[in-house]
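Colleague: Please put the model up. I would like to go through the helices, the chain contact and a few loop residues.

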Amino acid sequence: MLRKLWNLFIGFTRASNLGFGGGPALIPLVKAEAVDRYQWLDDQEFTDSLAICNALPGPIATKMAAYIGYKIAGWLGAFVAIIGTVVPTVIVVMLLGSLIMKYSNSPALKAMLQAVRPVVVVLVAVTAYDMGKKSFPVASSWGIAVVAVALLYLSNIHPAFIIVGSMVFGWAVYGRTKKET
Amino acid sequence: MVTQLWDLLIAFTRASNLGFGGGPAVIPLIKIEVVEKYHWLTNAEFTDALAVGNALPGPIATKLAGYVGYQEAGWLGALVANIGVILPTVLAVILLASFLMKYSNSPVLKGMLKGVRPVVVVLIAKTALDMGIGSFPNLTTWGIALATVVSLYWFKLHPALIIVISMVFGLLVFR
């Protein structure tokens with residue numbers, strides 16, 4: 001148990017403190033820890049956790065930490081994973097805020113951030129691709145995706161509603177058939 | 001002091017729990033509370049705070065809460081503001097997670113998850129696209145992207161390592 005908690009703490013500290021661009025940029029790093037390294041979740045479970053997290057408001061990184069931490073080691077696990085995600089950067093921003101402000105326009109920092117941005121974009125895109133591999137078992141899955149894209153780009157409907165709507169659709173269409181995939 | 005802490009708690013709870021789409025979506029709501037409603041920071045100070053937050057890794061909403069809370073009411077302020085940002089949504093997510101674990105064999109839940117997975121893929125792909133806008137100002141940045149794909153799939157490098165390498169590269173090449 002102690003080992004699990006320690007791994008949760010380390011895994012989420014590492015994911016959070018190497019991710020630039022806010023919570024969504026951390027998703028690939030959380031996946032690298034939770035799915036690839038520690039195998040707390042498989043690809044599909046990871047996608048499910050993201051569905052739950054995206055259906056709720058607020059920052060995404062702390063919700064993922066809570067979800068995965070709770071699944072692995074209960075309340076204490078959730079607590080430890082959140083501490084790993086939040087505390088190191090919050091303390092730095094509090095104590096060194098005024099110092100960093102001096103350097104936040106420095107060419108060196110700008111150069112580093114310019115180089116890391118394409119990496120983050122690729123990592124997030126790859127995460128989408130990895131999750132996609134097992135998320136389209138039937139033809140209607142593609143239909144759902146097309147409808148989701150259309151709603152996202154052509155209407156002002158909130159993504160949370162698209163998530164809930166697709167779950168209701170899944171319940172009605174897939175939920176009653178005996179066959180499971 | 002107590003009113004101040006209470007205001008911090010309320011302001012950050014409200015901002016966090018009305019913003020969907022992760023920390024970056026919460027930023028405008030935090031700005032409304034911090035700049036327009038409570039006048040803890042001026043517009044320019046908020047922009048600076050955001051620049052500091054973006055210079056550091058990790059989730060953005062908690063860094064802003066830490067920064068503003070600490071400026072206003074010290075350690076306790078930072079703690080209270082972060083509780084506002086984190087706690088309500090975390091409790092909700094744990095409630096849903098326990099529900100999911102308990103009924104993981106129910107066909108109804110399986111059907112719901114099967115329905116939602118394509119949507120999640122679309123949402124994450126959209127996040128990548130949105131982040132991509134403005135991230136490729138020159139040809140070198142495309143080279144970095146290509147090198148990232150190669151490092152991930154051929155060399156199986158850990159993403160964190162690729163991030164560190166790219167930053168060193170940027171320091172050497174873009175400055």
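Modeller: Helices are DSSP runs of H or I with at least four residues, strands are runs of E with at least two, and both are numbered from the N terminus. This is a predicted model, in which local features need pLDDT of at least 70 and side-chain atom pairs count only at pLDDT 80 or more, while totals for chains, interfaces and linings use all residues. Residues are numbered from 1 along each chain as its sequence is written, and chains are lettered from A in the order in which they are written.

Colleague: In which loop is H39(B) found, and is H39(B) buried or exposed?

Modeller: H39(B) is found in the loop between α2 and α3 of chain B. Its phi is positive, about 55°, although H39(B) is not a glycine. A residue is buried if 20 or more other C-beta atoms, placed from the backbone, lie within 10 Å of its own, exposed if 12 or fewer, and partly exposed in between. H39(B) has 8 C-beta neighbours inside 10 Å, so H39(B) counts as exposed.

Colleague: How far apart are the end C-alpha atoms of helix α5 of chain B?

Modeller: The expected span is 1.5 Å times one less than the number of residues. Helix α5 of chain B has 26 residues (107-132) and should therefore span 38 Å; its end C-alpha atoms agree with this, at 38 Å.

Colleague: Where does α5(B) bend?

Modeller: The bend at a residue is the angle between axes fitted to the seven residues ending there and the seven starting there. In α5(B) this angle is about 30°, and the proline P118(B) follows within four residues of the bend, which is at V116(B).

Colleague: Which element of chain B gives the most residues to the side that touches chain A?

Modeller: Two residues are in contact if their C-beta atoms, placed from the backbone, lie within 7 Å. The contact takes 82 residues from chain B and 90 residues from chain A. With 23 residues, the element giving the most to the chain B side is α5(B).

Colleague: Which residues have the most contacts inside the largest nonpolar core?

Modeller: A nonpolar core is a set of buried Ala, Val, Leu, Ile, Met, Phe, Trp, Tyr and Cys residues joined through C-beta atoms within 7 Å. The largest such core has 107 residues, and those with the most contacts inside it are V124(A) and I124(B).

Colleague: Which residues of chain B does V124(A) touch?

Modeller: Residues up to four places away in sequence are not counted. V124(A) touches P24(A), A25(A), I27(A) and P28(A), and from chain B I124(B), T127(B), A128(B) and M131(B).
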